Amino acid sequence: MGASTSTEQQKVSAEQREVENQAASTGALPMLHKAFSNLADPQTNAIPLKNLQQCFHITYKNSDFEAPNMPNSFPVLLDNLGSAIVDLFFVTQKEGVSWVEFVRGYNKCCGRMSASMLINTLLRVYATTVTKAGLPIKLEFDSDENGDCKISGSVSANDMVMLLWMCWTMWWDFRTLRISKERGKENLCLPDVSHIVLSAVVSCAEGGSALNVWDCDVSGLEVEFPVGKFLTWAFKTVLSLPDCFTQFVHARLQYFLTPKDELASSSSSVRNMPSTKLCNSKLLTCGRAWAISLTLRSTMNEEILRLCFPSDGDGTDENLLYQSSLHGRGLNRFWSKIEGYKGPLLILVSASNRDAHEGSTDVKKWIIGSLTQNGFENRNMFYGSSGSLYAISPVFQVFSSTGKEKNFVYSHVHPTGKIYEPQRKPVGIAFGGTMGNERIFVDEDFAKVTVRHHATDKTYQPGSLFPDQGFLPVEALISEVEVWGLGGRAVKQVQSSYKKREELFTDQRRKVDLKTFASWDDSPEKMMMDMVSDPNAVRREDR
């Protein structure tokens, strides 16, 4: 009897050590100890089920929108998110969730795992939440003995909208808790994600490439596509999407590091929602910035997310280096704003062109972009070490580097002096392709942009930069150009110092000290007067 009890204690101890070592490998064990002590009931030494569900319950004040429509079922989905997470990952006993099961549940959510397991976990959370909310879903999960989960079924366009908004809400909650410790006191701002949804539909749905995306309302789109194709699209396009869940769980548990008298309980109702539009005065809306951030796993991801969540800092205007409607069109105006910025830059171009079909008068508007690593340089050849091209609207796509060529960026401004050029180089900005056959070329007046087929480009991945692009070069009228700096405040300060130094040199060159000339005959005034009086006279320097 005693031997049996000793063996059982050793088994429990080994099990506890295993889960604790796994949590310690991520550096989360001290945080988990504090969170557990604050959430647990001292008498039972376990976390009551209601407390843990409330821990993951998202509360907010009101909702703002970029998108025109929101499904009425979305608030219901959020109301069931907390209980779905607990049911899925935390084993509850009679007294509640024990320490071992609490740590094991955390490891299932935030432990080290492959990219495929991360996105499988996210889909399981979404499917469980939808089921608890009483909504229809066509995803099925089959777990084997090794813990691997196989997914089958299909994903609809409405599922895409709900999933993306759920992920956005978790990002928003995580970042809001990091700034403010008052839960439920902030407005939830839901972005327009139609460009991401259309990207998945066009890539995954049968006949999706034939869909008219120019005037498409994704809320009324009744299409479904296999979950396998969705996973392939997600790994290629929105690789960092599952990070929202792991950071949300970690942030929520961190919130309870300090003792609370009682858990905040408020409804996630969206009544009295003000109809506001977020960042619509700029090309880089919250939804577009978030889509770009989902393609990145680097420090630039954090800088772009700052644009999505202005509450993180003092605002987003300090990141906007150039806007053609604000600072003026043309390469010179552009250059005066971005010169000296030695950090990552995101340039967006909004343009429009007429339908190529004969007799059509339809004008199609689209937005493309490019992400560069080290700013722009005034050179007469291509340069750069890495970068990406983006089709942003109406359909979102990312085209990363192929590794075959390094024609990432071309930016050439008219030389200030008279310089002999045996072959005059084009003046403007370009991305990909070769000289004279650039994949994207913006002229020096910022009036037209030329987009060529990807066959001319071996630097970036192939694909259409806007729907129905075709094989022939497309010349479109530019509506707006924006450049956003993503290097942080340190890079911005370096640029400011550079500009002040250049202004000082310019002022010094403008000043002429007459004392440096030995006599009147050597002064510039005498030279100018002689030229005006007799411009044909032979000068000493002409002999």
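**Helix 6**

I began with how covered helix 6 is, and found 10 of its 12 residues buried. The model is a predicted one, and I read every entry here with that in mind. I listed the buried residues of helix 6: W99, V100, E101, F102, V103, G105, Y106, N107, C109 and C110. Next I checked the span. Helix 6 runs over residues 99-110 and reaches 16 Å from its first C-alpha to its last. That is close to the 16 Å expected at 1.5 Å a residue.

I then picked out F102 from this helix. Which residues does F102 contact, leaving aside neighbours within four places in sequence? I found L32, A35, F36, I47, L52, F90, V97 and L253.

**Cores**

The largest one has 112 residues. F56, F102, L253 and W290 have the most contacts inside it. In soluble globular proteins, nonpolar side chains tend to be buried together.

V449 lies in strand 14. Is V449 buried or exposed? I logged V449 as buried because its relative accessibility is 0%, and the cut-off for buried is under 20%. Beyond four places in sequence, V449 touches V349, A351, W366, I440, F441, V442, V474, E475, A476 and I478.

S350 sits in strand 7, residues 345-354. At 12% relative accessibility, S350 counts as buried. I listed its contacts, again skipping residues up to four places away: L283, W366, I367, L477, I478, S479 and E480.

**Salt bridges**

How many salt bridges does the structure hold? I counted 14.

- D87 with K132: the closest N and O atoms are 3.0 Å apart. D87 is in helix 5 (residues 81-89) and K132 in helix 7 (residues 115-132), so this pair ties together parts 45 residues apart in sequence. D87 is partly exposed, with 46% relative accessible area. K132 is partly exposed too, at 36% relative accessibility.
- R306 with E303: the N to O distance is 3.6 Å. Both residues lie in helix 13 (residues 299-308), three residues apart, about one turn of the helix. R306 is partly exposed at 36%. E303 is buried, with a relative accessible area of 15%.
- K448 with E475: the side chains meet at 3.4 Å, N to O. This pair links distant parts of the chain, 27 residues apart. K448 is in strand 14 (residues 448-451), and E475 is in strand 15 (residues 474-485). K448 is partly exposed at 36%. E475 is exposed, with a relative accessible area of 52%.

I also noted one network, in which salt bridges that share partners join E15, E101 and R104. E101 was already in my list of buried residues of helix 6.

**Surface patch**

I turned to the surface. M527, M528 and M531 form a nonpolar patch there. Together they have about 310 Å² of accessible area. I checked M531 on its own. M531 lies in helix 17, residues 524-533. I logged M531 as partly exposed because its relative accessible area is 44%, which falls between the cut-offs of 20% and 50%.

**Whole chain**

I closed with the chain totals. The secondary structure comes to 17 helices and 15 strands. What share of the 543 residues is buried? I got 49%. The chain exposes about 27700 Å², and carbon and sulfur atoms supply 49% of that area.

Conventions
Residues are numbered from 1 along each chain as its sequence is written. This is a predicted model: local features need pLDDT of at least 70, side-chain atom pairs count only at pLDDT 80 or more; totals for chains, interfaces and linings use all residues. Side-chain values use heavy atoms; hydrogens and water are left out. Helices (H or I, at least four residues) and strands (E, at least two) are DSSP runs, numbered from the N terminus. Buried means under 20% relative accessible area, exposed over 50%, partly exposed in between (1.4 Å probe, protein chains only). Contact means heavy atoms within 4.5 Å. The expected span of a helix is 1.5 Å times one less than its number of residues. Patches are made of residues with over 30% relative accessible area and no salt bridge: like charges are joined within 9 Å, nonpolar side chains (Val, Leu, Ile, Met, Phe, Trp, Tyr) within 5 Å. Accessible areas come from the Shrake-Rupley method with a 1.4 Å probe; for residues, only the protein chains shown count as cover. A salt bridge is a side-chain nitrogen of Lys or Arg within 4 Å of a carboxyl oxygen of Asp or Glu. A nonpolar core is a set of buried Ala, Val, Leu, Ile, Met, Phe, Trp, Tyr and Cys residues joined through side-chain atoms within 4.5 Å.
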